[in-house]
Amino acid sequence: MSVSNDRIALPRHFVDANLRIGGTAAQPVLAGAATFSRGDLLVASLAERNGNGANGGAQGGLNPVLDIDLIAGDAVWVNVGGLRLQIHGQVHASGAWRAPRLAGEVTADRGTFVAFNNTFTLTEGSASFTEFRGITPYIDARAETRITVVRRPAPGAPEQLEAVRVYLHVTGTPDALNLALSSDPPL
(Lines give C-alpha, C1' and ligand atoms only; values in the text may rest on other atoms or scores of the structure.)
Protein backbone atom coordinates (compact mmCIF):
# COMPACT_ATOMS: atom_id res chain seq x y z
CA MET A 1 0.00 0.00 0.00
CA SER A 2 1.44 3.37 -0.95
CA VAL A 3 0.57 7.06 -0.91
CA SER A 4 2.94 9.18 -2.95
CA ASN A 5 3.27 12.93 -3.18
CA ASP A 6 -0.24 13.65 -1.94
CA ARG A 7 -1.07 16.96 -0.31
CA ILE A 8 -3.46 16.56 2.59
CA ALA A 9 -5.15 19.80 3.60
CA LEU A 10 -6.00 19.69 7.28
CA PRO A 11 -7.31 22.62 9.30
CA ARG A 12 -4.38 24.96 9.91
CA HIS A 13 -1.66 22.90 8.14
CA PHE A 14 -0.61 20.90 5.10
CA VAL A 15 1.22 17.58 4.82
CA ASP A 16 3.08 16.45 1.71
CA ALA A 17 3.67 12.73 2.12
CA ASN A 18 5.31 9.86 0.32
CA LEU A 19 4.57 6.98 2.69
CA ARG A 20 4.53 3.23 2.24
CA ILE A 21 3.06 0.52 4.43
CA GLY A 22 4.93 -2.74 3.99
CA GLY A 23 6.11 -5.67 6.04
CA THR A 24 3.78 -8.37 7.25
CA ALA A 25 0.33 -8.22 8.81
CA ALA A 26 1.91 -9.14 12.14
CA GLN A 27 4.72 -6.56 11.82
CA PRO A 28 3.86 -3.70 9.46
CA VAL A 29 6.48 -1.12 8.51
CA LEU A 30 5.56 2.53 7.86
CA ALA A 31 8.28 4.16 5.73
CA GLY A 32 8.86 7.26 3.64
CA ALA A 33 8.79 11.00 4.25
CA ALA A 34 6.28 13.61 5.38
CA THR A 35 6.71 17.39 5.12
CA PHE A 36 4.57 19.59 7.37
CA SER A 37 3.90 23.17 6.24
CA ARG A 38 1.90 26.24 7.20
CA GLY A 39 0.49 25.32 10.54
CA ASP A 40 0.84 24.66 14.24
CA LEU A 41 1.87 21.30 15.65
CA LEU A 42 0.79 20.66 19.23
CA VAL A 43 3.33 18.55 21.14
CA ALA A 44 2.66 17.02 24.55
CA SER A 45 5.21 17.95 27.20
CA LEU A 46 7.13 15.23 29.04
CA ALA A 47 4.88 15.71 32.07
CA GLU A 48 1.75 15.27 29.95
CA ARG A 49 3.14 12.17 28.23
CA ASN A 50 4.21 10.62 31.53
CA GLY A 51 0.87 11.45 33.13
CA ASN A 52 -1.05 9.75 30.33
CA GLY A 53 1.16 6.70 30.11
CA ALA A 54 4.51 6.50 28.39
CA ASN A 55 2.91 5.21 25.21
CA GLY A 56 0.05 7.67 25.12
CA GLY A 57 -2.60 5.03 24.58
CA ALA A 58 -3.66 1.44 24.65
CA GLN A 59 -1.09 -1.33 24.56
CA GLY A 60 -3.00 -3.62 22.19
CA GLY A 61 -3.35 -3.49 18.43
CA LEU A 62 -0.81 -2.83 15.73
CA ASN A 63 2.53 -1.29 16.57
CA PRO A 64 4.18 -0.61 13.20
CA VAL A 65 7.93 -0.18 12.81
CA LEU A 66 8.83 3.37 11.74
CA ASP A 67 11.27 4.47 9.05
CA ILE A 68 10.02 8.00 8.33
CA ASP A 69 11.71 11.34 7.67
CA LEU A 70 9.69 14.15 9.28
CA ILE A 71 10.48 17.48 7.64
CA ALA A 72 9.54 20.99 8.76
CA GLY A 73 8.49 22.86 5.62
CA ASP A 74 7.37 26.49 5.34
CA ALA A 75 5.85 28.31 8.32
CA VAL A 76 5.68 25.40 10.79
CA TRP A 77 5.14 26.38 14.41
CA VAL A 78 5.56 23.97 17.34
CA ASN A 79 3.60 24.53 20.54
CA VAL A 80 4.82 22.82 23.72
CA GLY A 81 3.19 24.06 26.89
CA GLY A 82 3.78 27.83 26.92
CA LEU A 83 6.41 27.71 24.16
CA ARG A 84 5.58 28.66 20.58
CA LEU A 85 8.48 28.32 18.12
CA GLN A 86 8.82 28.44 14.35
CA ILE A 87 11.03 25.50 13.34
CA HIS A 88 13.17 24.34 10.41
CA GLY A 89 14.92 21.01 9.92
CA GLN A 90 14.35 17.31 9.74
CA VAL A 91 14.27 14.30 12.05
CA HIS A 92 14.16 10.60 11.28
CA ALA A 93 11.63 8.49 13.19
CA SER A 94 12.58 4.86 13.81
CA GLY A 95 11.64 2.30 16.43
CA ALA A 96 7.98 1.43 16.82
CA TRP A 97 4.83 3.57 16.80
CA ARG A 98 4.40 3.22 20.58
CA ALA A 99 8.14 3.64 21.33
CA PRO A 100 9.53 5.93 18.64
CA ARG A 101 13.14 7.03 18.43
CA LEU A 102 14.11 10.29 16.75
CA ALA A 103 17.45 11.36 15.23
CA GLY A 104 18.22 14.74 13.69
CA GLU A 105 17.94 18.41 14.51
CA VAL A 106 15.42 21.20 14.24
CA THR A 107 16.28 24.85 14.68
CA ALA A 108 14.16 27.80 15.68
CA ASP A 109 14.83 31.44 15.01
CA ARG A 110 11.47 32.84 16.08
CA GLY A 111 9.30 32.26 19.09
CA THR A 112 8.15 33.41 22.51
CA PHE A 113 7.63 31.97 25.97
CA VAL A 114 6.98 33.21 29.49
CA ALA A 115 9.57 32.71 32.24
CA PHE A 116 10.05 34.55 35.52
CA ASN A 117 6.79 36.45 34.83
CA ASN A 118 8.25 37.99 31.65
CA THR A 119 7.74 37.24 27.99
CA PHE A 120 11.03 36.23 26.38
CA THR A 121 11.73 36.39 22.65
CA LEU A 122 13.79 33.57 21.19
CA THR A 123 16.92 34.73 19.36
CA GLU A 124 18.22 31.27 18.42
CA GLY A 125 17.58 27.70 19.39
CA SER A 126 17.99 24.08 18.45
CA ALA A 127 16.61 20.73 19.52
CA SER A 128 18.90 17.79 18.77
CA PHE A 129 17.48 14.29 18.81
CA THR A 130 19.47 11.09 19.24
CA GLU A 131 17.92 7.63 19.17
CA PHE A 132 19.05 6.64 22.66
CA ARG A 133 16.83 9.40 24.16
CA GLY A 134 13.69 8.25 22.30
CA ILE A 135 11.73 11.42 21.56
CA THR A 136 13.41 13.62 24.18
CA PRO A 137 15.52 16.40 22.63
CA TYR A 138 18.66 18.12 23.87
CA ILE A 139 17.90 21.84 23.80
CA ASP A 140 20.26 24.77 23.31
CA ALA A 141 18.41 28.08 23.13
CA ARG A 142 18.96 31.77 23.74
CA ALA A 143 16.28 34.34 24.42
CA GLU A 144 15.96 37.86 25.75
CA THR A 145 13.50 40.26 27.31
CA ARG A 146 13.48 43.85 28.53
CA ILE A 147 12.56 44.85 32.05
CA THR A 148 12.48 48.13 33.92
CA VAL A 149 14.21 48.34 37.28
CA VAL A 150 14.12 51.04 39.90
CA ARG A 151 17.55 52.28 40.98
CA ARG A 152 18.64 54.80 43.57
CA PRO A 153 22.05 56.08 42.40
CA ALA A 154 23.01 57.31 45.86
CA PRO A 155 21.46 57.33 49.34
CA GLY A 156 18.85 60.05 49.49
CA ALA A 157 18.83 60.58 45.72
CA PRO A 158 15.56 60.18 43.85
CA GLU A 159 14.74 56.82 42.34
CA GLN A 160 15.39 56.37 38.63
CA LEU A 161 13.87 53.92 36.18
CA GLU A 162 16.37 52.01 34.08
CA ALA A 163 15.72 49.72 31.10
CA VAL A 164 17.61 46.43 31.36
CA ARG A 165 17.95 43.72 28.76
CA VAL A 166 17.89 40.24 30.33
CA TYR A 167 19.40 37.27 28.49
CA LEU A 168 18.51 33.63 29.11
CA HIS A 169 20.55 30.65 27.87
CA VAL A 170 18.85 27.26 28.24
CA THR A 171 20.62 23.92 27.71
CA GLY A 172 19.78 20.31 28.50
CA THR A 173 16.83 17.97 28.15
CA PRO A 174 13.32 19.20 29.04
CA ASP A 175 13.35 17.20 32.28
CA ALA A 176 16.77 18.60 33.35
CA LEU A 177 17.22 22.11 31.97
CA ASN A 178 20.14 24.36 32.89
CA LEU A 179 19.34 28.08 32.93
CA ALA A 180 21.91 30.87 32.78
CA LEU A 181 20.75 34.48 33.21
CA SER A 182 22.71 37.64 32.47
CA SER A 183 21.81 41.27 31.84
CA ASP A 184 22.96 44.52 30.29
CA PRO A 185 23.59 46.54 32.36
CA PRO A 186 24.49 43.93 34.98
CA LEU A 187 22.03 43.40 37.83
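This is a predicted model: local features need pLDDT of at least 70, side-chain atom pairs count only at pLDDT 80 or more; totals for chains, interfaces and linings use all residues.
**The core**

Start by selecting Ile87, Val106 and Phe129. These residues belong to the largest nonpolar core, which has 17 residues, and they touch the most other members. Which strand gives the most? That is S5, with five residues. As background, nonpolar side chains in soluble globular proteins tend to be buried together.

**A pair of rings**

Now show the side chains of phenylalanine 113 and phenylalanine 120. A search of the whole structure finds one aromatic pair, and you are looking at it: the two rings are stacked, 5.7 Å centre to centre, with 10° between the planes. Are these two residues buried or exposed? Both phenylalanine 113 and phenylalanine 120 are buried.

**A charge over a ring**

Move on to tryptophan 77 and arginine 84. Here the charged end of arginine 84 sits over the ring of tryptophan 77, and the distance to the ring centre is 4.2 Å.

**Along S5**

Stay with S5 (residues 65-80) and select alanine 75, which lies in this strand. Its backbone deserves a look: alanine 75 is not a glycine, yet its phi is positive, at about 55°. For context, most residues other than glycine have a negative phi. Alanine 75 counts as partly exposed because its relative accessibility is 34%, a value between the 20% and 50% cut-offs.

**The loop between S7 and S8**

Your next stop is phenylalanine 116, in the loop between strand S7 (99-115) and strand S8 (118-129). This residue, too, is not a glycine and has a positive phi, near 55°. With a relative accessible area of 49%, phenylalanine 116 is partly exposed.

For the last stop, go to proline 185, in the segment after strand S11 (176-184). What is the peptide bond from aspartate 184 to proline 185 like? This bond is cis, with omega near 0°. In general, most peptide bonds are trans.

Terms used. Residues are numbered from 1 along each chain as its sequence is written. Side-chain values use heavy atoms; hydrogens and water are left out. Rings of Phe, Tyr and Trp (its six-membered ring) pair if their centres lie within 6.5 Å; planes under 30 degrees apart count as stacked, over 60 as edge-to-face and the rest as tilted. Buried means under 20% relative accessible area, exposed over 50%, partly exposed in between (1.4 Å probe, protein chains only). A charge sits over a ring if NZ of Lys or CZ of Arg is within 6 Å of the ring centre and within 35 degrees of the ring normal. Helices (H or I, at least four residues) and strands (E, at least two) are DSSP runs, numbered from the N terminus. A nonpolar core is a set of buried Ala, Val, Leu, Ile, Met, Phe, Trp, Tyr and Cys residues joined through side-chain atoms within 4.5 Å.
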